Amino acid sequence: MNRMPPLTVVNAVLLPMADAGAGGAADWFVGWMRVDASGRISGIGPGAPPPDDAGTPAEEVFDAGGAIVAPGFVSAHSHLFTSGLRGIASASTLYPWLRAMSEVFRHADAEALYWSTVHGSLDFLASGITTAYNFTQSRVSRVFDPATGMSIVDGVHPPEYLTRQFDGAADAGLRVVNAIRLDDEAGPEREVLAEFADMVAASAGRTPPDQHLGASVFGSVQWAATPRTAELEAMVMREHGIGNQAHFLETAEELGVQREKFAWYADAGVLGPALLLGHFVHPTDEMVAAAAEAGCAMVWQATSNGRLGSGIADVVRYSRAGMRIGMGLDDQSCTDQSDPFGNMRIGMYTMRALHTDASVLLPREVLRMHTLGSAEVLGVADRVGSLEVGKFADFVVVDHRAPGTGPVWDVYATYVMACGQRNLKQVYVGGRMVSSDGRCTSPLGADVDGALHEWIGRAARAAGMHPVLDPGGRTPDALP
């Protein structure tokens with residue numbers, strides 16, 4: 001990102017989310033934070049800034065006026081390209097919903113994927129999400145058969161279909177880890193491995209360095225036909241020095257077929273700190289114990305698990321077993337709103353109901369999962385996830401008094417349980433404001449809605465699907 005004038009934030013209720021005692025950090029305090037010209041935090045503390053940090057003629061001072069300033073949210077499991085399909089298949093479980101969505105993207109082209117990703121990225125930023133692990137849509141179109149647990153290749157798109165997704169997140173200004181599927185069932189292994197290497201290089205080459213937090217394997221053993229997929233994923237993890245997040249045991253449909261494949265990862269030597277288990281809703285006790293012992297982490301999508309009727313991931317159980325937990329917003333087409341506040345509340349309240357115990361998951365704990373905890377499982381906690389000196393100055397300004405939430409008895413309870421998108425006033429990435437009152441400041445914001453309707457509408461019509469309202473709120477039969 002371009003250098004900018006230093007920024008000092010004053011009169012803020014700061015929730016650094018640094019672990020207690022880390023660098024002498026307090027749990028929360030009323031104080032200040034300074035951002036240097038590179039967009040990183042150069043100082044933070046209670047009270048007024050020291051005289052040397054009080055401001056210079058070239059420095060901007062932002063008076064938060066008593067509002068809460070907290071780290072930008074980290075979505076450790078996201079599919080940004082789905083932003084144009086909210087509300088689709090609203091009464092469907094995972095596989096029928098996935099089939100409906102896949103039909104549209106089978107007919108989409110690279111520009112449709114670009115604008116869908118721009119729209120999803122700007123929507124994340126406007127919602128306070130400043131970093132995302134992004135599962136890109138594969139170049140290979142598939143039809144999945146849940147009865148056999150296998151995907152049938154239905155077509156292959158050109159490389160631009162994938163690389164334009166990298167461009168979309170980059171142009172929007174979101175920090176990303178780009179997850180790339182190893183399409184081993186769509187061609188000879190040598191070609192597939194070479195194409196994967198090209199896409200890992202393109203992920204870094206097409207994204208500004210400060211935004212690019214790494215590449216990852218889009219783990220696909222859940223849909224694979226043979227254990228060879230796990231072996232190849234292990235191979236590219238070693239070769240490129242990258243991690244892997246696998247959708248695993250997300251749904252109760254054909255659960256026996258899914259569970260058999262856990263051994264594929266174990267036998268391939270993939271179980272370990274570099275493997276993240278996305279969803280992990282229906283594991284056996286033996287799987288939880290094996291994953292925890294190996295150091296695997298789990299990424300929780302509380303909202304989409306409920307929307308798709310997938311089941312309840314018992315993260316309290318996993319955490320007690322020793323697994324690290326992150327949180328994600330998942331597909332914007334199966335969470336429908338990019339709302340990290342809602343995601344935290346749905347998750348926290350579900351855990352309390354499941355365990356009939358309101359103390360099993362506390363506000364600060366679930367907030368940590370959606371900030372520093374997610375950064376930790378992604379391996380990027382040295383750069384994002386908390387407000388600490390040396391990290392990027394990615395933060396949100398949330399005013400609990402506008403609209404008012406009443407007296408504050410517990411800062412974390414007010415922030416997590418009583419605040420929401422209506423209280424989100426500004427979002428900053430690298431000390432630069434990227435959203436104000438729910439509207440992104442990016443120049444792309446003026447074009448993105450119209451482009452999304454045009455490009456996704458075109459793909460949907462080719463698939464025989466038609467929106468019931470046009471962008472002006474008119475039904476098709478009312479159009480001239």
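Buried means under 20% relative accessible area, exposed over 50%, and partly exposed in between, with a 1.4 Å probe and protein chains only. This is a predicted model, in which local features need pLDDT of at least 70 and side-chain atom pairs count only at pLDDT 80 or more, while totals for chains, interfaces and linings use all residues. Residues are numbered from 1 along each chain as its sequence is written, and side-chain values use heavy atoms, with hydrogens and water left out.

**View 1. Cysteines Cys334 and Cys440.** Cys334 has a relative accessible area of 0% and is buried. Cys440 is partly exposed, at 21% relative accessibility. The structure holds 0 disulfides, a disulfide being a pair of cysteine sulfur atoms within 2.5 Å.

**View 2. Helix H3, residues 160-172.** Helices (H or I, at least four residues) and strands (E, at least two) are DSSP runs, numbered from the N terminus. Because 11 of its 13 residues are buried, H3 is largely enclosed by the rest of the structure. Among the buried residues are Tyr161, Arg164, Phe166 and Asp167.

**View 3. Surroundings of H3.** The buried residues of H3 pack against helices H1 (94-106), H2 (110-126) and H4 (189-205), and against strand E10 (175-181); contact means heavy atoms within 4.5 Å.

Methods:
The expected span of a helix is 1.5 Å times one less than its number of residues.
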